[in-house]
Amino acid sequence: MIWGIVRRKITSAQVIGQSVSKIGPRCRATAQKEAILTCRGFQRVQRSSYHILSGNYVCSTPRSEVIELIQKGSFIGSRSRLFSSDSGDLVDAVVPFMGESITDGTLAKFLKQPGDRVEMDEPIAQIETDKVTIDVASPQAGVIQKLTAKEGETVEPGAKIAVISKSGEGVAQAAPAEKAAAQPPPAEEKPSVEKQTPESEAAPAVKDKTPSEPPSTAKKPTSPPSKPMASEPQLPPKDRERRVPMTRLRKRVATRLKDSQNTFALLTTFNEVDMTNLMKLRSDYKDAFLEKHGVKLGLMSGFVKAAVSALQHQPVVNAVIDGDDIIYRDYIDISFAVGTKKGLVVPVIRNSERMNFAEIEKEISTLAKKANDGSISIDEMAGGTFTISNGGVYGSLLSTPIINPPQSAILGMHSIVNRPMVVGGNVVPRPMMYIALTYDHRLIDGREAVFFLRRIKDIVEDPRRLLLDI
């Protein structure tokens, strides 16, 4: 929506100090003589620096006026658009809006340093949150004058992390000045240390050493009693260990998985699937599929379609417990686990029940690519009613997957291995896969879980069932 700005002068401090609460529930006083009024859905303030605090925008320049925002028409904008101070040549780069459920993040690293040239919207830093890594883009083209935050600090939306000079003036001069200012202290510290060590202090130091020698010789005879400790296990030296802090994503994953283990009554049931027909379907039509749809035909789309059918036959698996109630969801959003270098992320395929094989493959390809290059958004990972985890891509033969809260079940796929199977009275080699379903036994009984997994098996072994809906 286009927001028009109507300014009305405030002549009385009483309006600001006492009557601000009457203007609107989202109004905040930022100083004795200033206030700002924002409406729901407001996304942009121009020519004003501010800090974002839980959806509220606070003007940093005291003014005796109230800014009233009025909805007028269509507006195209982004809530994550960076704002800058209107201070002439200098522009502040601030942390953008990171999502409704994210209040802060960790400044992982700066991609640019003072003196570096940047273009508009060029990433200058990365903010690591519980779910994704967000780039902080430069609001203007120019030269970075200074960094106002440090790597590893916790920052909130609206926090200033760098100052950019649009003209680049003063940046080149500031760097030598800083170096010149940094050089004298070490030169001054050396003589100061020498001056602080007169002979009067040196003599006690010698005296301390002479009496300390007898105790050292006295300790030598005590070394033989330590021989019995040699039988104890020898731990590796500390210098061969490394201690690194956990990333916010890893801490979030650890917390959620432990909460899942503590909350759900986890139970896993297994089955095995003959992959012959699905693999033959893929082999016969992969070239025509790629030519028409521009994406490769994989096995994952077949399992997604099978899961959709199984969830429709057993809707309790798609439900979730909420307090004393059970929420049955009439839509199917399939989450699929993707292992990245930074950790595990779970993108969501929305409304999977309405999609065909090609649409599912395109969505999987797009989301997996975003997850690996770190460009996936929080909205693309939020929600989900059921998860599929494919450990087979890493060679896993069998596992018990853990539920992704607040869902109630998860399907585990594994590697395909040729095993001898009895078919028509004959022992023949078949490509077989073990599948596992971990479910919340508080909500799902063993009968529904077994029927669900059996439905997966039936469709994967005979995909024609999807055409006939049987």
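Modeller: The model is predicted, so local features need pLDDT of at least 70 and side-chain atom pairs count only at pLDDT 80 or more, while totals for chains, interfaces and linings use all residues. Residues are numbered from 1 along each chain as its sequence is written, and side-chain values use heavy atoms, with hydrogens and water left out.

Colleague: What makes the contact of E122 and K112 a salt bridge?

Modeller: A salt bridge requires a side-chain nitrogen of Lys or Arg within 4 Å of a carboxyl oxygen of Asp or Glu. For E122 and K112 the N to O distance is 3.0 Å, so the pair meets that definition. The structure holds 13 salt bridges.

Colleague: Why is this pair said to tie parts together?

Modeller: E122 lies in the loop between β9 (117-118) and β10 (123-128), and K112 in the loop between β8 (105-110) and β9, so the pair joins parts that are 10 residues apart in sequence. Strands here are DSSP runs of E, at least two residues, and helices are runs of H or I, at least four, numbered from the N terminus.

Colleague: Why is R354 called exposed?

Modeller: Exposed means over 50% relative accessible area, buried under 20%, and partly exposed in between (1.4 Å probe, protein chains only). R354 has 65%, so it counts as exposed. Its salt-bridge partner is E353, with the closest N and O atoms 3.9 Å apart.

Colleague: What is E353 called, buried, partly exposed or exposed?

Modeller: E353 has 24% relative accessibility and therefore counts as partly exposed.
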